[in-house]
Amino acid sequence: ALPIFDMEEGVVNEILQGPMRDLFDSKQLITDVSGSGNNWAVGNKMYGSQYREQIVENLRQTAEHCDCLQCCFVIHSMGGGTGSGLGTSVLNLLEDEFPEVCRFVAAVYPSAE
């Protein structure tokens with residue numbers, strides 16, 4: 001199961017009730033109620049700092065289930081503060097905590113619609 005980090009509780013709840021709910025471990029969710037208000041600095045500096053230890057612990061727990069951890073796949077939004085700001089913070093954590101592990105990133109860009 002995979003960890004999921006999102007500061008908008010509603011988004012996480014939708015995922016956990018949808019068809020992909022079995023992919024995620026409900027014990028490895030990190031969420032907040034307010035989101036980042038489309039502010040990169042709030043997602044990166046505030047939530048990234050506030051939840052750093054929790055995120056690192058969740059990543060370590062997930063890595064411990066792997067026989068041979070070779071890469072991390074991060075999907076994050078480029079719009080708003082949580083996906084872009086907290087996503088950048090998570091990428092930095094992965095580099096610090098797992099320097100030998102490759103990081104693949106899929107960035108989701110906002111739609112014009």
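Helices (H or I, at least four residues) and strands (E, at least two) are DSSP runs, numbered from the N terminus.

**Ground rules.** I am working on a predicted model, where local features need pLDDT of at least 70, side-chain atom pairs count only at pLDDT 80 or more, and totals for chains, interfaces and linings use all residues. I number residues from 1 along each chain as its sequence is written, and side-chain values use heavy atoms, with hydrogens and water left out.

**Confidence.** I looked up pLDDT, the predictor's confidence in each residue, from 0 to 100. The protein's mean is 87, and 99% of its residues reach 70 or more. Among the elements, α3 has the highest mean (93), and strand β1 (residues 2-6) has the lowest (84).

**Helix α4.** I checked its length. Next I listed its buried residues (under 20% relative accessible area; exposed is over 50%, partly exposed in between; 1.4 Å probe, protein chains only). Among them are Thr 82, Leu 86, Val 90 and Leu 94. What covers the buried residues of α4? I found that the cover includes β1, α2 (40-50), α3, β3 and β4 (102-108).

**The core.** A nonpolar core is a set of buried Ala, Val, Leu, Ile, Met, Phe, Trp, Tyr and Cys residues joined through side-chain atoms within 4.5 Å. The largest one here has 18 residues, and Phe 5, Ile 55, Leu 86 and Leu 94 have the most contacts inside it. I see that α3 (52-64), β3 (71-77) and α4 (82-97) each supply at least two of its residues. The largest share, five residues, comes from α4. I then followed Leu 94. Beyond four places in sequence, Leu 94 is in contact (heavy atoms within 4.5 Å) with Leu 59, Cys 72, Val 74, Pro 99 and Arg 103.

**Gln 28.** I found this residue in strand β2 (residues 24-31). Is Gln 28 buried or exposed? It counts as buried, because its relative accessibility is 4%. Its side chain makes a polar contact of 3.1 Å with that of Gln 61. For such a contact I need a pair of N or O atoms within 3.5 Å; within protein, one must be able to donate a hydrogen and the other to accept it, and residues adjacent in sequence count only if both atoms are side-chain atoms.

For Cys 68, the nearest cysteine sulfur, that of Cys 66, is 8.8 Å away. Cys 68 is exposed, at 53%.

Terms used:
Disulfide = S-S within 2.5 Å.
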